[in-house]
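Welcome, and thanks for taking a look at this protein with us. Please have the sequence and the fold open side by side as you read.

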Amino acid sequence: MTEIAFVGAGSIVFAKNLMTDILSFEELQDATITLMDIDERRLDRTAAVGEALVDEHDLPAEIRATTDRREALDGADYVLNMVNVGGEEPFENEVRIPQEHGVEQAVGDTLGPGGVFRALRTMPMLLEMAREMEELCPDAVLLNYTNPMAILCWAVDEATDVEVVGLCHSVQHTTEAIGRYLDVPADEIEHQVAGINHMAWYLDLTHDGEDLYPALREAADDPEIREQDPVRFDVMEHFGAFITESSHHLSEYLPYFRTDQDIIDEYTPAEAFGHYTIEWMPTGRYFEHWQSYQPDLDAEFDPAEEDLSLERSSEYGSHIIHSRETDTVRRMNLNVRNDTGAIANLPDDACVEVPCLVDGTGIHPTTVGDLPGQLAALNRTNVNVQEQAVRAGLDNDEDALRRAIKLDPLTAAALDLDAIDEMIDDLLAANAEYLPDLN
């Protein structure tokens with residue numbers, strides 16, 4: 001029987017989707033899923049949905065709920081982390097304070113001032129949990145969904161002996177987008193994708209043995225298609241490869257798209273397209289979206305009204321668990337330490353996103369070799385920030401925190417060094433209660 005712990009299970013919708021994925025596999029339907037969150041009301045809702053899923057399909061699985069993290073971790077085979085440390089207030093500060101200073105972030109959870117400060121408030125909890133795992137479930141795999149993905153996985157790898165893997169859905173979503181643009185079934189597209197989280201590159205892209213890049217370049221000339229993904233198409237034209245992150249998110253990892261409000265306005269569509277593309281280009285728009293789907297915990301809640309089908313999503317978590325438990329070989333793009341030399345021209349200690357083979361013996365990164373020089377160069381601009389952010393979190397080093405943000409491509413394009421320090425001062429003051437003590 002497989003023991004699976006969800007930490008941060010108060011993320012009701014996401015936790016429900018992951019439970020559905022796990023229980024959709026017959027071989028995992030006797031699993032024990034222990035849900036953990038510090039917010040009892042959110043936790044109770046997630047547990048009610050889990051129990052409804054089990055009852056609806058008459059499954060032998062057991063759903064447990066606890067506010068005690070050590071209890072959830074004890075004896076676990078897999079730990080799924082989806083924690084959001086601090087909630088709304090620090091997130092809003094990390095978007096709005098940089099905006100006041102002239103740094104226009106679309107999301108602010110992966111790089112830049114928002115991503116670095118989010119890492120700093122998340123890392124102490126995650127490292128504490130990893131050390132508890134060393135004690136309570138030393139053979140468990142930590143499957144991390146929390147952003148900033150690369151910074152957090154890098155820190156856990158550096159500071160603990162826990163096996164950690166970062167899971168993201170950008171490859172799956174991007175492949176679906178390419179399928180839409182080219183009118184090709186996404187599940188028939190074959191690809192070789194590698195780089196770093198939110199900046200991985202389609203090195204090969206084929207359908208029935210035919211290279212799809214000529215068709216994708218032709219699609220980029222269609223105004224109706226281009227306006228759905230203008231940043232990614234611009235980057236493809238200038239640097240030679242399509243990238244895994246959506247246009248709005250990608251725009252904040254680069255210095256080219258967010259220092260001029262006219263460009264942000266030009267790339268913002270007049271109406272929504274109804275899928276994961278460019279609607280969140282305006283500064284703070286994603287934060288507003290995030291606010292909109294937070295549950296009203298005072299409202300009546302009936303788990304029977306939820307979708308209780310066992311339709312599996314494209315998220316990798318359940319596939320990893322199933323592959324390891326049944327020795328079913330699968331290939332997935334996962335975030336792992338580069339100490340195997342998977343990408344030869346990125347640092348060995350960096351967290352890279354590469355194709356991995358998963359089976360009963362574990363998770364095995366494949367060897368990609370060198371990325372094209374210009375693609376590795378763009379990746380390194382982000383890795384530089386990640387490296388300093390890891391040092392800031394592991395060493396409680398304020399100087400490293402400041403260096404991380406000064407190295408951020410967007411921040412450096414928008415502000416001079418003194419202005420960056422002033423912004424950091426404001427962020428440190430506003431989010432002081434959420435941050436560790438810094439040297």
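Below is a short tour, from the whole chain down to one residue.

The model shown here is predicted. The protein contains 18 helices and twelve strands. Its radius of gyration is 21 Å, close to the 22 Å that the globule rule gives for 439 residues, so the protein is as compact as a globular protein of that length.

**Overall dimensions and packing**
- Of the 439 residues in the protein, 57% are buried.
- Among contacts with a separation of 6 or more, 70% are between residues 24 or more positions apart.

- You will find methionine 423 in helix H18, which covers residues 417-430.
- Methionine 423 counts as buried because its relative accessibility is 0%, and the cut-off for buried is under 20%.
- Histidine 101 is 322 residues away from methionine 423 in sequence, yet their C-alpha atoms are 6.3 Å apart in space.
- Leaving aside residues up to four places away in sequence, methionine 423 touches Ile97, Pro98, His101, Val103 and Pro113, along with Ile405, Thr411 and Leu415.

Definitions and conventions. Residues are numbered from 1 along each chain as its sequence is written. This is a predicted model: local features need pLDDT of at least 70, side-chain atom pairs count only at pLDDT 80 or more; totals for chains, interfaces and linings use all residues. Side-chain values use heavy atoms; hydrogens and water are left out. Helices (H or I, at least four residues) and strands (E, at least two) are DSSP runs, numbered from the N terminus. The radius of gyration is taken over C-alpha atoms; the globule rule is 2.2 Å times the number of residues to the power 0.38. Buried means under 20% relative accessible area, exposed over 50%, partly exposed in between (1.4 Å probe, protein chains only). Contact means heavy atoms within 4.5 Å.
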